[in-house]
Amino acid sequence: MSTFFTSRLFFVSLALVVIAATLPLYVSGYVLGLLTVAFYFGVFAMAWDLLFGFAGEVNFGPTFLIGVGAYTAGILNAQFGWSVYLCIVLGALASVIAGLVLALPALRVRGPYFGLTTLVAVLMLQNFIVVFADLTGGEIGLTIPDVISINAGTNYWIALGFMTISAAILYGLSQSPIGLVLQASGQDPVQAGALGFNIVKHKLAAFIVSAFFSGLSGALLVFYFGTASVGTVVDVAVGVNVIVSAVLGGRRTVLGAALGAIFLIVAGEFLRPTGELATFIVSAVALLVVLFFPGGFLGAALSREARS
């Protein structure tokens, strides 16, 4: 980890964060709003990459953790009028608890069954939201009376700061001894277990960390939107975007997942005038990256640097 602070990746990342911090001084509120959403999705993707890229567990339902955090925070604010920041903290805590309840049985199965379990959890959450519409707002969505700020620059800086801190923590964790154990267990769980590592305990820890950042980011996002709905935080399509972002940026890079999310959100928005063609173009680019650059954007760049 100490070599990271002298690497080219560190200085490039630092330069990008500094440049990004100055954007509110000279870009429009529209661009800031777009990037604010992209930064929160960046945290979603980094949290997912920790679980899949290192622990080797394919989570097809990242929006279960995101949705629990988002809806818990939104409901507490809308129904009880609790403060925004308390609701955000409780939303993250609810996501951790939900993740723990889901992970305990899910991590005892292997292969595609873990992914199917997480996907079913998303479908159950969607059903819960529709059935208990009086509490959740149902298919229409939940209107949240409070927001973090109405100033585009303030919302942007909060999102940027949150993504930067999350990236530092998640990347540091991935490069720690825990991250190395996760990577070993993801590649060969039998051999890692034979070496004396408690595979289930380490994967459970990764799931809880992923749940915390997913729930916290989801809670922050709904207080930026001022509303929570299935289409924005729970839908399977949202989860697909999170997964594609992490794969585009680079598996096992953590930081690349944020890069992939920003690319996906920004590209999709700027191609919106093309209509349905926008989805096709973004999907085609994602497919080409997966086929010809399986390491993703950042993975390919790091491989090229290592060879040179």
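Setting aside neighbours within four places in sequence, Ala261 touches Ala38, Phe41, Gly42, Ala45 and Ser245 (contact means heavy atoms within 4.5 Å). What you're looking at is a predicted model, in which local features need pLDDT of at least 70 and side-chain atom pairs count only at pLDDT 80 or more, while totals for chains, interfaces and linings use all residues. Residues are numbered from 1 along each chain as its sequence is written, and side-chain values use heavy atoms, with hydrogens and water left out.

**Overall build**

- The chain has 15 helices and two strands (DSSP runs numbered from the N terminus, with helices being H or I of at least four residues and strands E of at least two).
- Its radius of gyration is 19 Å, close to the 19 Å that the globule rule gives for 308 residues, so the chain is as compact as a globular protein of that length. The radius is taken over C-alpha atoms, and the rule is 2.2 Å times the number of residues to the power 0.38.
- Along the principal axes, the C-alpha atoms fill a box of roughly 50 × 45 × 40 Å.
- Of the chain's contacts with a separation of 6 or more, 78% are between residues 24 or more positions apart.

**Surface and burial**

- Buried residues account for 48% of the 308 in the chain (buried is under 20% relative accessible area, exposed is over 50%, and partly exposed is in between, using a 1.4 Å probe and protein chains only).

**Charges**

- There are 10 positive and 10 negative side chains, with the centres of the two sets 17 Å apart. Lys and Arg count as positive, Asp and Glu as negative, and His and the chain ends aren't counted; each charge is placed at NZ of Lys, CZ of Arg, CG of Asp or CD of Glu.
- Searching the whole structure turns up one salt bridge (a side-chain nitrogen of Lys or Arg within 4 Å of a carboxyl oxygen of Asp or Glu).
- Glu269 and Arg272 are the partners, and their closest N and O atoms sit 3.0 Å apart.
- Glu269 is buried at 16% relative accessible area, whereas Arg272 is exposed at 56%.

- Val254 belongs to the loop between helix H12 (236–249) and helix H13 (255–270).
- Most residues other than glycine have a negative phi. Val254 isn't a glycine, yet its phi is positive, at about 60°.
- Val254 is also buried, at 0% relative accessibility.
- Back to Ala261: its place is in helix H13, and at 0% relative accessibility Ala261 is buried.
- Ala261 and Leu248 are 13 residues apart in sequence, with 8.1 Å between their C-alpha atoms.

- Leu90 lies in helix H4 (residues 84–106) and is partly exposed at 25% relative accessibility.
- Beyond its neighbours within four places in sequence, Leu90 is in contact with Thr72, Leu76 and Trp82.
- Between Leu90 and Gly69, 21 residues apart in sequence, the C-alpha distance is 7.8 Å.
- Gly193 lies in helix H9 (residues 189–194) and is partly exposed, with a relative accessible area of 34%.
- Gly193 and Val181 are 12 residues apart along the chain, and their C-alpha atoms are separated by 9.9 Å.
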